[in-house]
Amino acid sequence: MATDQQLESLGLPVRLLGATALFGLALGLRLVALPVEAGVPFIVFAPATVLAFYLFGSLPGALNLLLSAVAGFYAFSPPYLSFGYSPTALWGTAGYLVGAGAAGWIVARLRSVDQQRRATLARLAERDAQLSTVLDSQTDLICRFRADGTVLYVNLAYCKFFGVDRDNIVGQRWQPIALPDDLPRIEASLAQLSPSEPVVVIENRVIATGGEVRWCQFVNRADFGPDGRCIELQAVGRDITERKMLEAELAESHERVRDLFDNAPCGYHALDAGGRFLQVNATEARWLGSTPEALIGRHAMQYVDAAGQAQFAQQYPRLLAGESIGPLVYSLVGPGIAPRQVSVRAEPRFGADGQFLSSRTVMHDITELQTVRLANMQLLATQAAMLDNDLIGILRLKDRRAVWKNRALDRIFGYAPGELDGQPTRVLYLSDDDHAQLGAAAYPVLARGERFRTQMRLRRKNGSAVWIELSGAPLDLASDESLWLMADISHLKQAEELRARKERVDAENHHLQAYLRQQKVFLSNMTHELRTPLNAVLGYGQLLQTPAVRADPARVARYAELILHSGRLQLDLIERLLELTRSSTGRLRLQPEAAQLDALVDEVVQAHQASAAARRITLQLEPAAAPLPATFDVLRVRQVVGALLSNAIRFSHEGGRVTVRLSTTDEDQLLLEVLDEGPGIAEADRPKLFQDFRQLSQGHTRSHGGTGIGLALVRRLVEAHGGRVGVDSVPSLGSTFYVVLPRQPVLPLDDVDAEGDPAAYI
């Protein structure tokens, strides 16, 4: 440790800079070791503060303490990285200031005592050196005198020390140099000298030069005559005033440490290898209804209950083997002992030879803490009984994940106990959009400390929808925790639907009239689309009957191929019309099977390469990063992909590009996108795209062929799989048609045939 002179030589700015550097090192270590929100804000600052007091003194230590308190309060106490405050942050910072300040004060005091001790030891060392010189040069306080005390000889050092002349002291008695209070003790010690014990060391106070009272140590050696009578004595003395002062200071320091040990608010004791008390402080002795002296040698386990004795028998061998143990909870028992529960921590102490010496044990009274814990447990049990009802679902969330829920919530959504624990709330929503919209609407309200309430359809485990009334309230704004109450209001919604059904029927009648008008337009388009290939069949058939054509085999083959092509077109139109009719009447049945969506799309893309090349359109596939296994109706999904590709090729300008892209939206859904460079679609026209019998261009304004049933059929097929279809478009730049399919089709519970196999109709 640096001395006061060394610290002063460094200068206050340098010591302040050193204390600031220690704070910076502690702050960096805290940021690297733990995230800001991990808590324990002052875990590294306390050692740095104590070290600053130890190395640089009180003022730099106080600077480090202040910087650490500000950093812990600002960065690591809630709310984090702000000067906002909470009771926890204020009490934590205040506790740190008091605790670390007290530790720094103790370190400063111990340092001061150590400085005094070092200074005294230095003076003693210097005195020892001087005394050695005195011995070498006969400068000790040397005095020879008779048994009656008459001085026979003193050296110069003696004369100088006592301020007397040699001539004046010789022949006089030595007793006047001693303090009168000490004289009886000195003479009693000298009287005990004998030929067998001719030496006695006496420490006593003397009156030195100027009347100063000082301590001296005299080694008195007696010379005895043949008759055993004391002839004379020689006393060699030295000044031990500084040592006596140091001993007094050390005794006072020891008393302070002992007082701190005995009157600490916690118990301290040391046990031997057998578990018996070697040392115990007064606080613990009071807890045990005894005194420290009476406890020494007694076994510690006679003051705990049977459970504690069993725990001690299990844990103490670990301590003897070199492990630290605790915290362990014991109940103190015995005559005169108040009921008390304590927490015990212990670590072993070994000697240089590796032998176990004793335990270092700290005991804390946790009686009140255990009482509070028990009360909290009872309160939690009462709250759990209140919350875990069968009517209202209750869900506690953190970062939109289930932390706790009651059994009513499991019942409402059809989950087994524990099945929702830790799950994201997305599993309760019908779609990603619903999940995102609820979060965007609710959490800003909760962040303001307000309640949020709404009604919406959520998803049961079996996939069915259920109407829920949601009510959310914030629990902890810092950790984003919230509590939600959920009530099943499906029966209320059904009643509302019954009341609204009449209004819907009236509206449907209106829409039916519009639908009939659309059908007329559709029939007109269909007549045109069916007549075109039929006219080609009839025309080329008549040509085949002419002698000129029949005589030319090449023309016959070409006309026959054109007739077949026109027939296929007409058959495709009729097949599409039949499938749309089946879907609208609920008679189109899905046959889901395990397949690879990426492989199926690749086949369809290859099949359309020829039609794309005919219009000089580049058709390319951007596959997914990994295979896309799923369960779907292969035939119907192939129809969906084919219809979207045919539309993209038909509406793209020659020399353009059509791109098919595959990816996943999440682990449960697949995404198919078809991008073209056609004329694009106005925003007002997009809702019409997937309606039955609708085309964006009709009558004399039609710019492309078609009946208007392709995209309507695509929508029905995709929705039958539990998916959805949509379009994004920029006029004049192109369109992107997308299909979202679940990896597993969502089938209604009642769509099961007589054999128990699932079947989906559209």
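Trainee: The axes of helix H3 (residues 45–56) and H4 come within 7 Å and cross at roughly 165°. Why are H3 and H4 called roughly antiparallel to each other?

Mentor: Start with how the angle is taken: axes are lines fitted to C-alpha atoms, for helices over the stretch in contact, and angles run from 0 to 180 degrees between N-to-C directions. Angles under 35 degrees count as roughly parallel, over 145 as roughly antiparallel, 65 to 115 as roughly perpendicular and the rest as oblique. H3 and H4 cross at roughly 165°, so they are roughly antiparallel. Keep in mind that this is a predicted model, where local features need pLDDT of at least 70, side-chain atom pairs count only at pLDDT 80 or more, and totals for chains, interfaces and linings use all residues. Residues are numbered from 1 along each chain as its sequence is written, and side-chain values use heavy atoms, with hydrogens and water left out.

Trainee: What makes something a helix here?

Mentor: Helices are DSSP runs of H or I with at least four residues, strands are runs of E with at least two, and both are numbered from the N terminus. The protein has 22 helices and 24 strands.

Trainee: Which residues of H3 and H4 make the contact?

Mentor: Contact means heavy atoms within 4.5 Å. On the H3 side, Phe45, Ala48, Thr49, Ala52, Phe53 and Phe56 take part, and the H4 residues include Pro60, Gly61, Leu65 and Gly72. The residues of this contact of H3 with H4 divide into nine nonpolar, six polar and no charged. For the classes, Ala, Val, Leu, Ile, Met, Phe, Trp, Tyr, Cys and Pro are nonpolar, Asp, Glu, Lys and Arg are charged, and the others, Gly among them, are polar.

Trainee: How do you know whether helix H2 (residues 12–33) and helix H4 (residues 58–75) are roughly parallel or roughly antiparallel?

Mentor: Their axes come within 9 Å and cross at roughly 30°. That angle falls on the parallel side of the cut-offs, so H2 and H4 are roughly parallel to each other. Among the contact residues are Leu16, Phe23 and Leu27 of H2 and Leu63 and Leu67 of H4. The contact of H2 with H4 divides into 11 nonpolar, three polar and one charged.

Trainee: How do you know that the length of helix H15 (residues 432–447) agrees with its residue count?

Mentor: The expected span of a helix is 1.5 Å times one less than its number of residues. The 16 residues of H15 should span 22 Å, and its end C-alpha atoms are 22 Å apart, which agrees. Just after H15, Gly449 takes a positive phi of about 80°.

Trainee: What makes Arg616 count as exposed?

Mentor: Buried means under 20% relative accessible area, exposed over 50%, and partly exposed in between, using a 1.4 Å probe and protein chains only. Arg616 has 56% relative accessibility, so it counts as exposed. Arg616 sits in the loop between helix H20 (609–614) and strand S18 (618–622), and it has a positive phi of about 55° although it is not a glycine.

Trainee: Pro198 is in the loop between helix H8 (183–191) and strand S3 (199–207). Why does Pro198 count as partly exposed?

Mentor: Pro198 has 23% relative accessibility, so it falls in the partly exposed class. Leaving aside neighbours within four places in sequence, Pro198 is in contact with residues including Leu193 and Phe224.
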